[in-house]
Amino acid sequence: MNDTQSHTVAYVRDTMLEQKPAPRSNVGAVRWVQENLFSGWFNSILTIVSIFVIYKLLAGSLPWMLGGVWQADSLSECRDILNAKFGNTHYACWAVLTERWNQLLYGFYPNTEYWRANLAFVVMLVAIAPILFDALPRKLLWVSAAFPFLMVWLVWGGTVWGPLGAAAGFAVGFVAMRIAARFGDLIALFIGLAAAFVWFIFVGPAVVSMLDATLPVGHLLEVESRELGGFMICVIIGIAGIAMSLPIGVVLALGRQSDLLIVKAICVGFIEFIRGVPLITLLFTASLILNYFLPPNTSFDLTVRVIIMVTMFASAYMAEVIRGGLAALPKGQYEAADALGLDYWKAQRLIIMPQALKISIPGIVNTFIGLFKDTTLVMFIGIFDMLGLSNAIRANSAWNGVYWELFIFIGLVFWVSCFAMSQYSQWLERKLRTDHH
């Protein structure tokens, strides 16, 4: 045996083989189709049936949608164009959207003031951006704090003193709480609420009236609430309800778990009563009955009443969602907060509530989506949202007979809005995920 044979073993390779590509059937689109569409005889049958159903739906709907008319002044003119082009009228008449586009978005808002609604919408996007995405500059939170007052001034008009007076009421309550902080958190809270109540009911209106008469700064054309409508009123009611129902729901959830009998009874009674009553009943209450309990000659804006009722309704459901998140927390988290020597409010703010809210994200967003869709119920109390305006448009002789085009557009607008909320919630869940599975 020579020297080479003595140092070489037949089954040991001294050079690496080049890596070969994976079989086409195990990678890419082919593998995905095989695993997800044709993984077995039953799934293969379902895939074929589904493809057939989708084909029939698209074959019937796509020509109807893509062959429609976009420019016409009435349904009869639209049908004349279709007859001249195709010999029949089996196509969509999208011209109703082109002709009534502004009405569907703004309702009966004055045409010359559309810039105010558009500016308010842009400011709203800037205001909610730092709340939704923590990577943005924190200085933008000042825009978030100022947006409710700026939105009221832009949408309803008047001078700047009304929104500034409302902002001053919150400032008065905050200052009163800071001054009374040495008496304890609960007493300081009551003093702050009392100071804000006195300002809003007695002092603020007199001050605002005096400033309006003597120094009308930033006066915009005043627009009454009955002129609001379309998608704009849905956004106003929906955003206001979403923004206020979450903190109120947190307070109600904590109150329901409180050891104080009176606090717990009030929170339980509120939650169970509101959850047991349909929202449409609360809206009729806001529209018709609430005025009977107000002082004579008192003007209480209908939109504000609707926002209050919608917020109350959503807060009750939000409280139960958050209570579920609190119940899902291990007992060790509460014990850890006690071991650190934290008081009740610090434990809730730093340890308990962040984890409970993270657990409750799907339920919270589900409540928000339901709230936004429920804004269409305002059509039953005389507020012309998009659905209400669709009825008004179809009542016009020029567009009597148009159905699918309006409802498809309205459904698409709500679907895009709700889908965006759903996608954000999923992104937030992935970002806050602490497990590594």
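**Figure 1. Confidence of the predicted protein chain.** The mean pLDDT (the predictor's confidence in each residue, from 0 to 100) of the protein chain is 85, and 93% of the residues score at least 70. Helices are DSSP runs of H or I with at least four residues, numbered from the N terminus. In this predicted model, local features need pLDDT of at least 70 and side-chain atom pairs count only at pLDDT 80 or more, while totals for chains, interfaces and linings use all residues. Residues are numbered from 1 along each chain as its sequence is written, and side-chain values use heavy atoms, with hydrogens and water left out.

**Figure 2. Domain 1 and domain 2.** The domain assignment (bounds from an automatic or database source) gives domain 1 (73-109 + 225-432), domain 2 (110-156) and domain 3 (159-219). Between the C-alpha centres of domain 1 and domain 2 the distance is 19 Å. Domain 1 brings 16 residues to the contact (heavy atoms within 4.5 Å) and domain 2 brings 15 residues.

**Figure 3. Area buried between domain 1 and domain 2.** The buried area (accessible area, 1.4 Å probe, that two parts lose on being put together, summed over both) is about 1,300 Å², with 68% from carbon and sulfur atoms. On the side of domain 1, Tyr106, Tyr109 and Tyr424 lose the most area to domain 2, together 48% of what that side buries.

Figure 4. Domain 1 and domain 2 are joined by 1 salt bridge (a side-chain nitrogen of Lys or Arg within 4 Å of a carboxyl oxygen of Asp or Glu) under the rule. Asp134 and Lys431 form a salt bridge, their closest N and O atoms 2.6 Å apart.

**Figure 5. Helices on the side of domain 1 that touches domain 2.** Helix H6 (101-106), helix H11 (230-256) and helix H19 (404-432) each supply at least two residues of this side. H11 gives the most, with 4 residues.
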